[in-house]
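Hello,

Here is the structure I promised to pass on. Please open it first, then read my notes below.

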Amino acid sequence: MSKINELILVLRVAYARAYVRIKGVNRDLTHFFIDVFLPLLGISAIILAYKSMGAPENLLGFAAIGGAMIAFWYNVLWSMGSQLYWDKEQGNLQLYIISPAPLIGILLGMAIGGAFNMSLRAITILIATSLLFNIKFNLNAILPAFLIFILTLFALYSLGMIFASTFLRFGRSISKINELLGEPILFFSGVYFPLKLFPIVIQIVVSIIPLALGIEGMREILILNKTLFEIIWILILLIALGIIFFVIAVKMLEYLEKLGKNQGTLTLKWD
Amino acid sequence: MLESIITINLSRYFGDVKALEDINIKVNKGEIFGLLGPNGSGKTTLIRILTTALLPTKGEAYVLGYDVKKDYLKIRKYINIVSGDEKAGYGVLTVRENLWFFSQLYGYNRSEGWRIVNELIEKFGMQEYADRKINRISHGMFQKYNFVRGLLNNPLVLFLDEPTLGLDVNISREIRNYIKEWIKEDRERTVILTTHYMVEAQELCDRIAIIYKGKIITVDTVENLLRILSKESVYEIKTNLINQVEKIKSIQGVKAIDVENDASRMISKIRVVVSEDSVISDLLSFLKNEGIKVISLSKEEVTLEDVFLYLVGRKL
Ligand SMILES: Nc1ncnc2c1ncn2[C@@H]1O[C@H](COP(=O)(O)OP(=O)(O)O)[C@@H](O)[C@H]1O
Ligand SMILES: [Mg+2]
């Protein structure tokens, strides 16, 4: 198979995997309402608290953006993370492996499908909070904000692909680590408050969390009216993280496939 | 090239477990080739190696002339697998959607994929439940869907790992008929079938490899396998409960024996392969000496089951 044919196949598989994921998840619209309604409650609680304290107007928008992004993290951690493992248990993984399709296509499709589903929810949440609490976003900056958003998803879901490979390798035991990662990452991403509240050292450390970077970037643009140029460091970091995570994910997957073929673990239902 | 599969001293170990040991087989194009053996004898391991999902520990294997170790990407286009114990697919999707999804793993474009899927659904009479979610269909329907999934890329070599496992008689027969039709449509095709149902092997397979504890005991046509016992006789004897199996085995001329004990009815059913009819009188006097009552005795037609018992020393 030539490189170009392989690439076409990866994209085809990614499309198919994303398509069935989007179709499957949205078949039952009650999920959609639950996915929007519950976060909306959480965000509303924070915003009402801010309001009752007479906090600066900006903070309301901060909380809205951060809150809308929470679901992406859980989606990456749990849904993306366990997907390949689940595919293995189900017998799908074996079929992927013995087909000409590279596994990365499957993973990519899962990421695109998941990101798309979550984006529909996040945007609905954002619009709803904006209407409910009359929060003003700088709509002239919608394009740069969208760029940051997309790059954030790229980095975040590349990280999700790493989780998927890790989960596949270590099985269910890894879910403990996922539990450990859940809340702390949200905390350090400052979903409900500005990152600037952290000491500078922590601010530097959390900048390897794509979620933190993305939220920060979108706030700067949509609420503080900054230009893309002023936050170029966020842009560059997100691109760098996305590429690094993606390359790591591809390498891990190749390694795991080799290991699995050697040890017989990819087709074995082991725990 | 006549052969679609060749293995040379193929071995696979998992730690201390020798799942396969020095397997040498050649499978011809146009053949339905059976791997017959009890659970744990290495059938699935052999299939995993041939489908490029597992590497051999030692030895070589070629599928359509391609080395499973080096040329696995070339092999993958031309093969597919259907396993009876697998639940492949996504429960929230319909039969049709799942099939389309799997078609996309083989490089068809989107509309080609739909066309092939729709054709197959029609051909296999699955219209009625094609648009139902796969977690809402019966086991039999699922296995049919799974079989059709295995045909999506129009494979040259189709691996069927216990394809009728746990299915009722009618669906099993239907699937067996599909297999027979499919192989006849094109003489370039090959089917590798594992089973631990004797009748299935007997009905479908052009040749059968009897595999036990990772080793091939023998490979031959059903006819020739039956001929192994052409000089011997098979008897079925019902007695009250016995535990002298080892002693019976040591009687001169007793070639193989299987005993089924029915403890509730206090009856033993002995199936025994003997070198000649006269051995039966020795056996009967032995039973008499041991104080065992014979309830019935009949001479039986030799079956593949008896050949298996004779070759392997235990029932399938
Ligand atoms: N991935 C694996 N890791 C360790 N042992 C395995 C693995 N796969 C199979 N085995 C062992 O190899 C032997 C043959 O198994 P298998 O090929 O599944 O037999 P069959 O399909 O004939 O029932 C068994 O003892 C089984 O436990
Ligand atoms: Mg098996």
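Which residues are the closest to ligand 1, and how many surround ligand 1? The count is 13, and the closest are Gly264(A), Gly40(B), Lys43(B), Thr44(B) and Thr45(B). A residue counts here if one of its heavy atoms lies within 4 Å of the ligand.

Before the rest, some ground rules. This is a predicted model, where local features need pLDDT of at least 70 and side-chain atom pairs count only at pLDDT 80 or more, while totals for chains, interfaces and linings use all residues. Residues are numbered from 1 along each chain as its sequence is written, chains are lettered from A and ligands numbered from 1 in the order in which they are written, and side-chain values use heavy atoms, with hydrogens and water left out.

**The ligand site**

The site is shared between chains, because residues from both A and B surround ligand 1. Start with the polar contacts (pairs of N or O atoms within 3.5 Å). On chain A, a backbone N or O atom of Gly264(A) lies 3.0 Å from a nitrogen atom of ligand 1. On chain B, a polar backbone atom of Gly40(B) is 2.6 Å from an oxygen atom of the ligand. For Gly42(B), the distance from a polar backbone atom to a ligand oxygen is 3.0 Å. Alone, ligand 1 exposes 560 Å², and the protein buries 72% of that. Such areas come from the Shrake-Rupley method with a 1.4 Å probe; for residues, only the protein chains shown count as cover.

Two elements of chain B give two or more residues to the shell: strand 2 (17–23) and helix 1 (43–50). Helix 1 of chain B gives the most, with 3 residues. Helices (H or I, at least four residues) and strands (E, at least two) are DSSP runs, numbered from the N terminus.

**Salt bridges**

Side chains of opposite charge can pair when their charged atoms come close. A salt bridge here is a side-chain nitrogen of Lys or Arg within 4 Å of a carboxyl oxygen of Asp or Glu. The whole structure has 30 of them over all chains.

Look at Arg121(A) and Asp35(A), whose side chains meet at 2.7 Å, N to O. This pair links distant parts of the chain, with Arg121(A) in helix 5 (residues 103–133) and Asp35(A) in helix 2 (residues 29–52) of chain A, 86 residues apart. Are the two partners buried or exposed? Arg121(A) is buried, at 2% relative accessible area. Asp35(A) is partly exposed, at 30%. Buried means under 20%, exposed over 50%, and partly exposed in between (1.4 Å probe, protein chains only).

Now take Glu6(A) and Lys3(A), which form a salt bridge at 4.0 Å, N to O. Both lie in helix 1 (residues 3–26) of chain A, 3 residues apart, about one turn of the helix. Lys3(A) is exposed at 68%, and Glu6(A) is partly exposed at 25%.

In chain B, Glu188(B) pairs with Lys29(B), the closest N and O atoms being 3.5 Å apart. Both residues sit in loops, so the pair ties together parts that are 159 residues apart in sequence.

**A nonpolar patch**

A nonpolar patch of about 650 Å² includes Phe187(A), Ile200(A) and Val205(A). Its residues have over 30% relative accessible area and no salt bridge, and nonpolar side chains (Val, Leu, Ile, Met, Phe, Trp, Tyr) are joined within 5 Å; in patches of like charges, the limit is 9 Å. Helix 8 of chain A gives the most to this patch, with 5 residues. Val205(A) lies in that helix and is exposed, at 51%.

Best wishes

Note on methods. A polar contact is a pair of N or O atoms within 3.5 Å; within protein, one must be able to donate a hydrogen and the other to accept it, and residues adjacent in sequence count only if both atoms are side-chain atoms.
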